[in-house]
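Subject: A structure to look at, aromatic rings

Hi,

Here is the structure I promised you. Could you open it and follow along while I go through the aromatic rings?

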Amino acid sequence: MDLFSRSWTALRAAVGELSGDDFERPSGCSGWLVRDLVCHLVIDAQDVLITLVTPADAEPTADSVTYWKLVEPPTGDDPLDALIPRLAAAYGDPSLLKFHLDDVGAAAGRAAGLADPALRVGTQDMVLTAGDYLSAYVMEWTLHHLDLIAHLPAATDPPAETLAAARAMLEKIAGTPFPAALSDRDALLVGTGRRPPTDAEKAALGDLAARLPFVLG
């Protein structure tokens, strides 16, 4: 729960630091500008609010790791993915998009802080404890923080502890550790296909390099 708060607070702060011009730069999400990614974060925050008020009576069917599924890389053909750029453009003034994220994002953060970690909630045909659901979102926030600042070298990085937690989660999903020679940031970027590995990284990865990327959905 603490890592959810740290990762989400850091990501929202990074959005708050963006200039108007930054919203027109590419993000680390293929085909999306920074403004598109921020619009996606608004929807993510709404999903958190919806899930935390969707209690479930059944036993959990997933945890913070099995919540994530390995999927094919996005092509832009998914209806929701295609909607995001149009919705983001409709905001016009980036300050309106910032305001909406700050408003809904703060509510999601408060709801997470008030949630009983043992509460069972339903989302995407899965049942999880609220604690596991919020832990899964540490991966979402951390990866999207890296996406947000992919072409903004002066922007603030995600917290070290959330990078480490997301890496540990990715290693569980992959079923194997990433080489210690890769930093947490590089393991996440390379492991999820956000950039190709260098020759040195390929050598360090060994047989694991042939299994990349692990695209999460």
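Keep in mind that this is a predicted model. I went looking for pairs of aromatic rings, counting two rings as a pair if their centres lie within 6.5 Å, and the count comes to eight aromatic pairs.

Start with Trp8 and Trp141. Their ring centres are 3.9 Å apart and their planes sit at 20°. Planes under 30 degrees apart count as stacked, so this pair is stacked. The pair also links distant parts of the chain: Trp8 belongs to helix α1 (residues 2–16) and Trp141 to helix α5 (residues 130–148), 133 residues apart. Are these two buried or exposed? Buried means under 20% relative accessible area. Trp8 has 1%, so Trp8 is buried, and Trp141, at 0%, counts as buried too.

Now stay in helix α5 and find Tyr133 and Tyr137. They are four residues apart, about one turn of the helix. Their rings form a tilted pair, with 5.2 Å from centre to centre and 55° between the planes. As for burial, Tyr133 comes out at 1% relative accessibility, so Tyr133 counts as buried. Tyr137 has 4%, which means that Tyr137 is buried as well.

One last thing to pick out on screen: which residues form one aromatic cluster? They are Phe4, Trp8, Tyr67, Trp68, Tyr133, Tyr137 and Trp141. Both of the pairs I walked you through are in there.

Cheers

Conventions. Residues are numbered from 1 along each chain as its sequence is written. This is a predicted model: local features need pLDDT of at least 70, side-chain atom pairs count only at pLDDT 80 or more; totals for chains, interfaces and linings use all residues. Side-chain values use heavy atoms; hydrogens and water are left out. Rings of Phe, Tyr and Trp (its six-membered ring) pair if their centres lie within 6.5 Å; planes under 30 degrees apart count as stacked, over 60 as edge-to-face and the rest as tilted. Helices (H or I, at least four residues) and strands (E, at least two) are DSSP runs, numbered from the N terminus. Buried means under 20% relative accessible area, exposed over 50%, partly exposed in between (1.4 Å probe, protein chains only).
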